[in-house]
Amino acid sequence: GRAAFETGNLMSALREVKQALALDPGDEDALALSVRTEHAIKERQDDARIRAAVGAARRQFAAGDHRAALAALEGVQPASHALVRAALDELRLAMTEIEEQQRIETELAEQRRRTAALGAEALSAIGAGRLDDGARILATIRDLDPAAAPIAEVSERLRQAQADARRREEADRRLADFDARLADGDLARADEALEAATALAPEDRRLAAAKQRFADATAAAAAR
């Protein structure tokens, strides 16, 4: 039995030592070897059990059932076993990293939701002609996330709206100049102002009346 024990063939060693004890129950060497063999068998069985439990926990963790895997691993005894300690340290670290990643993803999702809502609010303000509000909301979006998806559309819509506003303001000035020139009888300057206003804001509903007034003034001047 000793040779089998030394080579790691524990079941054969145990069988042989039992046979020896059946012949001589008081054989001290056989008794001692029997104890050692049974202890070694138990250690091997425990090691196999622990390896199986650790392997199962790792597979469970890899499948996404993180907390249950950790709970199962924490229940493996003895907890002091090197394989158990190493696996616990590894999976706890991985769990910490996963939770941190989840926290970041949650924050990013909330940030995307917030910037999308602000983008819609900015476009609504711009569409209603509240350009200062639109610009303020756009600045808020940029502060939250300089790379936010709504920035490009809001920026372009604001740019176009501001350009339109500047054209309307200039058209207003040209029409006011037209009124002043027409009142002074300066038809040439009035015509220039009217043409400039038409080029700036051809859709302005005031133009039709202004053109009619100019035509009437021109006809009146020709009749004199």
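Which residues in α5 meet which residues in α7? The close-ups below, taken from a predicted model, start with that contact.

**View 1. Helix α5 packs with helix α7.** Helix α5 spans residues 82-127 and helix α7 residues 150-184. Their axes lie 10 Å apart at an angle of about 10 degrees, which makes α5 roughly parallel to α7. From α5, look for T115, A116, G119, A122, L123 and I126; they meet P150, E153, V154, R157, L158 and A161 in α7. Eight residues of this contact are nonpolar, two are polar and two are charged.

**View 2. E153 and R157 form a salt bridge.** The closest N and O atoms of this pair are 3.9 Å apart. Because E153 and R157 sit four residues apart in helix α7, about one helical turn separates them. E153 is partly exposed at 45% relative accessible area, and R157 is partly exposed at 33%.

**View 3. R92 in helix α5 pairs with E74 in helix α4.** Here the salt bridge brings the closest N and O atoms to 3.2 Å, so the pair ties together parts that are 18 residues apart in sequence. Both partners are partly exposed: R92 has a relative accessible area of 39% and E74 one of 41%.

**View 4. A salt bridge links R51 and D47 within helix α3.** The closest N and O atoms are 2.9 Å apart. The two residues lie four apart, about one turn of the helix, and D47 is partly exposed at 25% relative accessibility.

**View 5. The peptide bond from Q77 to P78 is cis.** Its omega is near 0 degrees. You will find P78 in the loop between α4 and α5.

Note on methods:
Residues are numbered from 1 along each chain as its sequence is written. This is a predicted model: local features need pLDDT of at least 70, side-chain atom pairs count only at pLDDT 80 or more; totals for chains, interfaces and linings use all residues. Side-chain values use heavy atoms; hydrogens and water are left out. Axes are lines fitted to C-alpha atoms, for helices over the stretch in contact, and angles run from 0 to 180 degrees between N-to-C directions. Angles under 35 degrees count as roughly parallel, over 145 as roughly antiparallel, 65 to 115 as roughly perpendicular and the rest as oblique. Contact means heavy atoms within 4.5 Å. Ala, Val, Leu, Ile, Met, Phe, Trp, Tyr, Cys and Pro count as nonpolar, Asp, Glu, Lys and Arg as charged, and the others, Gly among them, as polar. A salt bridge is a side-chain nitrogen of Lys or Arg within 4 Å of a carboxyl oxygen of Asp or Glu. Buried means under 20% relative accessible area, exposed over 50%, partly exposed in between (1.4 Å probe, protein chains only).
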